[in-house]
Each structure stands twice: as C-alpha cells, then as structure tokens.
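Subject: Structure handover, aromatic contacts

Hello,

Here is the structure I said I would pass on.

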Amino acid sequence: MSPLKAGDKAPQFSLPDQDGENINLSDFKGQRVLVYFYPKAMTPGCTVQACGLRDTMDELEKINVAVLGISTDAPEKLSRFVEKEMLNFTLLSDVNHQVAEQFGVWGRKQFMGKVYDGIHRISFLIDPAGNVEHVFDKFKTSDHHQVVLNYLQQHSS
C-alpha cells in the first residue's frame, strides 16, 4: 500500500452518495476538498471522526472546503449513518474499493489478531486544481477535525 503524496494528481472518481446520487470529484473543481477515507460507518472510531467534522463544517465552509467521506459501505448504510449522527457533509460508497485503491489507502490491516484487507484511515486535501495538497495520516479519530482545521488555518489560500 502506498498512499498518494502531496503534489500527486488526485484520481478523478464518481461514486454514489448516501442518497444513491453519483458525485464526481470534478463537481468540486475550483474548490478545496477534504477526501477522507474511513473503514466502516457506525463504528465507534468512525463515528467520533465524522462527528468531529460535522461540528467543524461551519468553519470549513467559511474557508470554502468541501468534505467527502469514503468507505466501502453501501449507500443505504451511509444514509442511516448520516441520519443517526446528523452529518452535514457527503458520504460516498466505494463498495468495490476501486477509489480507495487509486488513492493507495486499501491494504493489509490487522485487528484483534485478524489480518484482512481494508481501508486505512487517511485523509487527502485536494487543491482547487485537482492535486493532492496535503495528506493527513497521523491523527486520532477524536482530533482529526482539529488537525485538518489547524492545517487549513495555517495554509489558507
């Protein structure tokens, strides 16, 4: 597994959102987008991470940053997650993990002695031109939103 790095061109993708509507990365051209990959909707860590972003959406929108959360969950499950946690950003369903693979975040994982393939929790800030501006790979689920916000406040365009 080798995640994209800052300066790489972000892969163009089109995935169904929580309502089954197709969303394309190109829909956000000219704006910064936080593309964050998370393992599984409705699990404790992913919920904490999503709620942190939910609670900072006002600040992110003020600086024109869109948020797209991507997991391998089906749109129906994403819809329940959005409803349950009152999420105010788009979640995308990458059931066949093709986009996760293009971003280099699909790979071998270990949890409670089990080894399996899955999504690694890594976020990418895509710049208005469609390039990876920054990779967030060192954070806790509880401070992900703050790490992102701190970076954006130091590097506002």
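Predicted model: local features only at pLDDT ≥ 70, side-chain atom pairs only at ≥ 80, totals over all residues.

Residues are numbered from 1 along each chain as its sequence is written, and side-chain values use heavy atoms, with hydrogens and water left out.

A search of the whole structure gives eight aromatic pairs. Rings of Phe, Tyr and Trp (its six-membered ring) pair if their centres lie within 6.5 Å; planes under 30 degrees apart count as stacked, over 60 as edge-to-face, and the rest as tilted.

One of the pairs is F103 with F124: the centres are 5.0 Å apart and the planes at 55°, so this pair is tilted. F103 lies in helix α3 (residues 98–103) and F124 in strand β8 (residues 123–126), so the pair ties together parts 21 residues apart in sequence. Helices (H or I, at least four residues) and strands (E, at least two) are DSSP runs, numbered from the N terminus. Both F103 and F124 are buried, meaning under 20% relative accessible area (1.4 Å probe, protein chains only). Ring pairs also link F103 and F124 with F13 and F37 into a cluster.

F136 and Y151 have ring centres 5.6 Å apart and planes at 85°, so they are edge-to-face. F136 is in strand β9 (residues 132–136) and Y151 in helix α4 (residues 144–154), 15 residues apart. F136 is buried at 4% relative accessibility, and Y151 is buried at 11%.

Regards

How values were computed:
Buried < 20%, exposed > 50% of the residue type's maximum accessible area, 1.4 Å probe, protein only.
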